[in-house]
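This report covers a protein model, with attention to selected strands, loops and helix pairs. Please read it alongside the sequence and the structure.

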Amino acid sequence: MEKRQKKFLTVAPFECAWRDDLRFREAGRGCVAFDAFAHNDVTIVFREQAGSQHYHYKRDNSPHYTVIIGSHRNKRLHIEVDGKTVVDVAGVDLYCSSTFQSYWISIFDGLISIGKGRYPFQNLVFQWLDSNPNCSVQYVGLSSWDRHVGYRNVNVLPLTQNHISLWKHVDCGEYEGVDDGKEELEENLEDYENWGLEKFLENWELSDVFFIVGTEQRAVPAHKVILAASGFHDFSSSDEDVIHLQDVSYSVLHALLEYVYTGHTMIPESHLSSLKALSLRFEVMTLVKRCEETIERFKLNKKLFNSGKNVEISYQSSWLPCNTVFPYRLPIDVKRLNHFRSTGEYSDVDIYIEGHGFVARSHKIILGLWSYPFTKMFTNGMSESASSKACFKDVCFEAFSTMLDFMYGGEVYKEDSVLVDTLLLQLLLLADQFGVTLLHQECCKTLLEHLSEDSVCPVLQVVSSVPSCKLIEETCERKFSMHFDYCTTACFDFVMLEEATFGNILQHPDLTVTCEERVLNAILIYCSQSKELNAWDRVDEKLLNSTPELIFGERLNSLDLFLSFVRFPLLPYEVLKLLERSNLRRHITTFRRLVKEAISFLEVGLTGPDKDLNVRFQHRRSSFRELQFICDGDSNGLLYFAGTSYGEHQWVNPVLSKRVSITASSPVSRYTDPKVLVSRTYQGTSFAGPRVEDGRNTAWWMVDIGPDHQLMCNYYTLRQDGSRAFVRCWNFQGSLDGKNWLNLRVHENDETICKPGQFASWPIIGPNALLPFRFFRVVLTEPTTDVTNPWSFCTCFLELYGYFR
């Protein structure tokens, strides 16, 4: 009962509870899981330092994150960064309750994830990514607003991919009283998280040297390469593996070794001088410096001098350049360690890879401190335990070499962009195979940072088979679904995805398509695994002389399932009538039923409860609106549509109504007027003046359609002003951020525009026409035909077409 009472906490209005144990182990990365009951405003604060009882986030001027569940009288989810609102949404499934409900909130380098349930990474409800992340938040505060909030079972958990995998596979039942199994699991997780060099402190496993210490001649094991990399004198001058320290007490040697193996130690003040002397003897200079500082502090404070109290000494990596600091906050010099690796000093294992031969001379203790499987390999009686050779099969040489680099330096060097495209996935699998947690974490982080529409399929093919990569898999599925047209058109690789993965994409709530026919075509391509059958009418033609069994093979059953994910009622009525007469309808029962159902819905409607419950009869949440090019200067384009407030009222210049923003390469002037480009009147003189970028002359006009809008552009129009400065070489580009540009169409020696006041329009073809962008620009790459002002981009009208959302 006492234990359960301690787990229960009530926070009064406008107060905040801070506990010593509510702290992330790694700044900027951690997860807090808790139960809470309240009428509104369950408030969790993340700060760099702990606050006071009367702390409140509204009065906090220091960097912090605040997450409020049940804000605005239990109607909204609210997130603040440094006191500024960044998220304020309704309709997410996160509310307070008068009974205890379980929640979890994780922070990973600015990615804030919020979910329901006792265990993290299950039942994810909401995510938000901070573009300027605060990677220093570490303390967790439990707060409230104007009513009491009750908390219990509050736990701060480490945030690594291995933990994500473990938590995701734990039974997610509701909380009912004390749960001993949960506490046991937490202990196991903590053991795994703490795996590192600390486990080898005074451990005979993998040791190759030992001390005989004190008059009692106590034997204390150690590891040569660890000691040498921390500053100990050169062991190679002697073949002996025993160091005699008869004049040193065990407690002093233990403090020295504890500092080397863990980065911190505790020692009585009276032993400080002895520890300093031993550190100086073995040249562990970082510890010498810490001892000197502590001794000086005691001398200045007479009350502490000769008090006999224990002193805590910790390694401070800020003394050293960042490229010499070893992970786990250990006083190991990376340069010295890599020197031993290159020379083979103190090495006790030669690594071989099948098909490549000898790879490197290494140290079992270094491999073991990173990897529990490696430690077991070298200590549990396997052939590698007694041998100085370790041979690996079915391992990528480049990935294994990169993993060794990481183990000896703690960093993944990503200078070569090829690493992201080819080697990173191999490295991720290797890190997962050998349980190298931090490397696995770095690989996952890099994959998420560099994930693009072009890489999402190769990544999905790999991570879908790795349970510890569930977060990446879900991110990839969402990205694929949001760029469905591009991912199923630009490359044929998507047909190699697992059927469960492709099914998840088809059912994803964020699935975004320009028309429902693309979903049908993608399913037929996937199930037929044929590039040629890239549209339903081609499959229909093939069925004249074949059968579904021959065309779809083993994926015929999947076809029946996937067809139910097509929202046939969203197809044009004319297309449905064609499908009604198709061979697909005659040969495939499911196809016939769904087409008949859709036609019936469009002709007579559908009554009863099924209409609202069946998603096939609902528009997709993220569908685009088609803005189709008809002719030069028409009123069907995006910029005209923005001028009507997207169809809400009569046209007003969208620059004046601030629906869009247009900028030029030269300052605004009488003849460089952004609102002219979207006006409906002809302007005799309108140009963007020259400027120098990256050492080259250029000129450009740029359109920003707004932070909440995107366009898949498939056509654009320009109109020449009254001058004869005709453009011949220019690029039409798109961008998501206004900084990184992708060419949508490249014009070289294009003589289309040859008269003053002339309209000209061009289509955007290829997969890039299926990518949505916020920013667009036309940029001059070579001089115009005007000799006087060759770098002025003269145009008085611009319009964009395509699929808009």
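## Contacts and packing in the predicted model

Setting aside residues up to four places away in sequence, Ala 219 touches Trp 204, Phe 210, Phe 211 and Ile 212. The model is a predicted one. Ala 219 belongs to strand E14, which covers residues 218-222. With a relative accessibility of 35%, Ala 219 counts as partly exposed, because that class lies between the cut-offs of 20% and 50%.

Leaving out residues within four places, Val 242 is in contact with Phe 210 and Ile 212. Phe 210 and Ile 212 are also among the residues that Ala 219 touches. Val 242 sits in strand E15, residues 242-245, and is partly exposed at 26% relative accessibility. The C-alpha atoms of Val 242 and Ile 212 are 7.1 Å apart, while the two residues are 30 apart along the chain.

### The protein as a whole

The protein has 805 residues, of which 52% count as buried. It contains 28 helices and 35 strands. Of the contacts between residues at least 6 apart in sequence, 69% join residues at least 24 apart. The accessible surface is about 37400 Å², and carbon and sulfur atoms account for 48% of that area.

Most residues other than glycine have a negative phi. Asp 41 is not a glycine, yet has a positive phi of about 60°. Tyr 646, likewise not a glycine, has a positive phi of about 60°. The table gives the setting of each residue.

| Residue | Phi | Loop between | Relative accessible area |
|---|---|---|---|
| Asp 41 | about 60° | strand E3 (29-37) and strand E4 (42-47) | 6% |
| Tyr 646 | about 60° | helix H28 (638-643) and strand E24 (661-664) | 19% |

Are these residues buried or exposed? Asp 41 is buried, at a relative accessible area of 6%. Tyr 646 is buried as well, because its 19% falls under the 20% cut-off.

### Two helix pairs

Helix H16 (residues 456-463) and helix H17 (residues 470-482) have axes that come within 10 Å and cross at roughly 145°. The crossing of H16 past H17 is left-handed. On the H16 side, the contact involves Val 456, Cys 457, Val 459, Leu 460 and Val 463. On the H17 side are Ile 472, Glu 473, Cys 476, Glu 477, Lys 479 and Phe 480. By class, this contact of H16 with H17 has 8 nonpolar and 3 charged residues, with no polar ones.

What is the angle between helix H19 and helix H20? Helix H19 (residues 499-506) and helix H20 (residues 516-528) pack at about 180°, and their axes are 12 Å apart. H19 is therefore roughly antiparallel to H20, because angles over 145 degrees are classed that way. H19 contributes Glu 499, Phe 502 and Leu 506 to the contact, and H20 contributes Val 519, Ala 522, Ile 523 and Tyr 526. The residues of the contact of H19 with H20 are 6 nonpolar and 1 charged, with no polar ones.

Technical notes: Residues are numbered from 1 along each chain as its sequence is written. This is a predicted model: local features need pLDDT of at least 70, side-chain atom pairs count only at pLDDT 80 or more; totals for chains, interfaces and linings use all residues. Side-chain values use heavy atoms; hydrogens and water are left out. Axes are lines fitted to C-alpha atoms, for helices over the stretch in contact, and angles run from 0 to 180 degrees between N-to-C directions. Helices (H or I, at least four residues) and strands (E, at least two) are DSSP runs, numbered from the N terminus. A crossing is left-handed if the near helix is turned anticlockwise from the far one by less than a right angle, and right-handed if clockwise. Contact means heavy atoms within 4.5 Å. Ala, Val, Leu, Ile, Met, Phe, Trp, Tyr, Cys and Pro count as nonpolar, Asp, Glu, Lys and Arg as charged, and the others, Gly among them, as polar. Buried means under 20% relative accessible area, exposed over 50%, partly exposed in between (1.4 Å probe, protein chains only). Accessible areas come from the Shrake-Rupley method with a 1.4 Å probe; for residues, only the protein chains shown count as cover. Angles under 35 degrees count as roughly parallel, over 145 as roughly antiparallel, 65 to 115 as roughly perpendicular and the rest as oblique.
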